Structure formats: structure tokens, C-alpha cells
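Colleague: I'd like to learn how to read a fold like this one. Could you walk me through it?

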Amino acid sequence: MHGDLDLPFFFGADDGLFGMYHAGTPTARRALLMCPSLGQDLIRCHRLYRQLAQALAMQGVPVLRFDYHGTGDAAGGSGEVDWSRCVEDTVTAAAELRRRAGIDRVVAFGARLGGSIAMAAAGRAGFTEVIAWDPVLDGGDYVAALDAMQAALREDGERFTRPRSHADVAEQWLGFDIGDSLRRQLGALRVATPAVPTLVLDAQSLGQSTPWNDLRRLETAILSQPLIQAVTGRLKEVA
């Protein structure tokens, strides 16, 4: 019954980070840290992250989902989200997962920017492996794509009776605040493959593409049974 229980809690400095722990079995040899993405990708992947966490817990793998500072139920506002702080929070979350699970070997999983953060934090967090789903490797391309989607959204006649002014949506990406600092950080982002085993999952490996940048499906949850099967299968292989 361990996979049916989600334990919410706060941790980190001043209990400022929020986590959801899914207990595995006492004999588990590895635990999984789920690194969330940011913005709309975070919201759209929420259900899938929970499904994957529960599937892995039922398989006996302890899992920790968590929120970075300024996101979800963690302390701070959305305008305070900072790339370096996200990486630091990931290191803190990995240590918390080790403490709760009593396991030293932690695998990280993340979608989009969550995969990028997992890769960037791999060395300091001591991950034994990173599983990244469509990670953002070139921040300049990512920023350009979100700017284009934001511009199209502003004039979307299916969502607004008239185009919204630039002032209404300044410093926003698809409904989320984006400050100058985070924009610069992401624009300069170049993510290198970490010095640990890294599995990158994409359209070719999963046999299906994911509509990350399809404005018509902006309010649609990102779900992928092939992704869940790939990650749970990978954790079985390395168990």
C-alpha cells in the first residue's frame, strides 16, 4: 500500500521548500528525485509527475516531488524564481530524499527545464543518473520560442475579445511572471551533459512528440504513457 500514500511536508532553510514524498520499500536500492519544470510546463506536467511517482512507489522506489523557491507551495513569489536558486534547491532536495529514504543512490528525473536543472545540479547533488525528458539545452532558442508564443497569445481571438496591450502582458510568459534576471539567465543557458549516466528521452525514443509549444493545447495537460513506461522500465533495469 506504500504507493497510495503521499506525504506532504516542508523542508530546507526556514522550511521554505515544499515536498511530496512517496515511500518505497525498505529494500529499495535507489530513490528518484523529480525536478519540476517552470511556468506552464510545470502546470501541464503536474498530473504526469504524480502518476509517475505513484507508479514508481508501487514498484518499490521512493520518490520525492518538490517545489523550487517561488513556485508551487514553496515560499516566495513567482517573480523571485532564479535559475541558480533552482539548482541549489535541487541539491537540498536530493539531500532530503536521501535522509528520508535512507538511500544514498539518487536518480533525478525532469521534463523540459526540470531536466536541464537536474543536469546542471548532477555533480553537486551527487546523482547516480539523470533522466531528462526533452530538456532545454539551448536557452536562447527556448526564450525565442516562449516570446513567440507570448506574442501570439496576446492577439489570440479565441481567448480574448480584443488583443491585449503590450503593457498588460509585459514581463510575462503565458501567464507567469518572468523578470529580467531570469530571462537573462535562461537566454544565456547552455546545458552540458553531466559526468554521470544520462538518459535523454525525446520524440524518437518515445515514439511520440510532445506539444510543448503548441498554443492551441496550452490548457491541455501533458500526459505520456510511453514516458511513464520508459522511466519505470529504466528504474527496474538499474534496481
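This is a predicted model: local features need pLDDT of at least 70, side-chain atom pairs count only at pLDDT 80 or more; totals for chains, interfaces and linings use all residues.

Colleague: How many helices and strands does the protein have?

Modeller: The secondary structure comes to 8 helices and 9 strands. The protein has 239 residues, and 49% of them count as buried. As for contacts with a separation of 6 or more, 72% are between residues 24 or more positions apart.

Colleague: Now the sheet. What is the order of the strands in the open sheet?

Modeller: First the general idea: strands of a sheet pair through backbone hydrogen bonds, and the pairing can be parallel or antiparallel. Here, 7 strands form an open sheet with mixed pairing, in the order β1-β2-β4-β3-β5-β6-β9. At the edges sit β1 (7-11) and β9 (198-201), each of which pairs on one side only. From one strand to the next, the twist averages 20 degrees.

Colleague: Can we zoom in on a pair? How many bridges join β5 to β6?

Modeller: Strand β5 (residues 106-111) and β6 run parallel and are joined by 5 bridges. Another parallel pair is β3 (residues 31-35) with β4 (residues 63-67), over 3 bridges. There, Leu 32 stands opposite Val 63 in β4.

Colleague: And which helices pack on the sheet?

Modeller: One of them is α3, which touches β3, β5 and β6, its direction making about 145 degrees with that of β5. Helix α8 (residues 225-237) also packs on the sheet, touching β3, β5, β6 and β9, and its direction makes about 170 degrees with that of β6.

Colleague: Is strand β6 buried or exposed?

Modeller: For burial, the cut-off is under 20% relative accessible area. In β6 (residues 129-133), 5 of the 5 residues are buried, so the strand is largely enclosed by the rest of the structure. Check both faces: Glu 129, Ile 131 and Trp 133 point one way, Val 130 and Ala 132 point the other way, and all are buried.

Colleague: On to helix pairs. At what angle do α2 and α3 pack?

Modeller: Read the angle along with the axis distance. Helix α2 (residues 83-101) packs against α3 (residues 113-125) at about 65 degrees, with the axes 9 Å apart, and the crossing is right-handed. Among the residues that meet are Trp 83, Val 87 and Ala 94 from α2, with Leu 113, Ile 117 and Ala 121 from α3. The contact residues divide into 10 nonpolar, 2 polar and 3 charged.

Colleague: Why are α4 and α6 oblique to each other?

Modeller: Helix α4 (residues 139-154) and helix α6 (residues 180-187) pack at about 130 degrees, with axes 7 Å apart. An angle over 145 would count as roughly antiparallel and 65 to 115 as roughly perpendicular, so this pair is oblique. Gly 139, Gly 140, Tyr 142, Val 143 and Asp 147 in α4 meet Arg 183, Leu 186 and Gly 187 in α6. That contact divides into 3 nonpolar, 3 polar and 2 charged residues.

Colleague: Last, a single residue. Where is Leu 56?

Modeller: Leu 56 belongs to helix α1 (residues 39-58), and its relative accessible area is 0%, so it counts as buried. Leaving aside neighbours within four places in sequence, its contacts are Leu 32, Val 61, Val 63, Val 231, Thr 232 and Leu 235. Gly 24 is 32 residues away along the chain, yet the C-alpha atoms of Leu 56 and Gly 24 are separated by 7.9 Å.

How values were computed:
Residues are numbered from 1 along each chain as its sequence is written. Side-chain values use heavy atoms; hydrogens and water are left out. Axes are lines fitted to C-alpha atoms, for helices over the stretch in contact, and angles run from 0 to 180 degrees between N-to-C directions. Helices (H or I, at least four residues) and strands (E, at least two) are DSSP runs, numbered from the N terminus. A crossing is left-handed if the near helix is turned anticlockwise from the far one by less than a right angle, and right-handed if clockwise. Contact means heavy atoms within 4.5 Å. Ala, Val, Leu, Ile, Met, Phe, Trp, Tyr, Cys and Pro count as nonpolar, Asp, Glu, Lys and Arg as charged, and the others, Gly among them, as polar. Angles under 35 degrees count as roughly parallel, over 145 as roughly antiparallel, 65 to 115 as roughly perpendicular and the rest as oblique. Buried means under 20% relative accessible area, exposed over 50%, partly exposed in between (1.4 Å probe, protein chains only). Two strands pair if DSSP finds at least two bridges between them.
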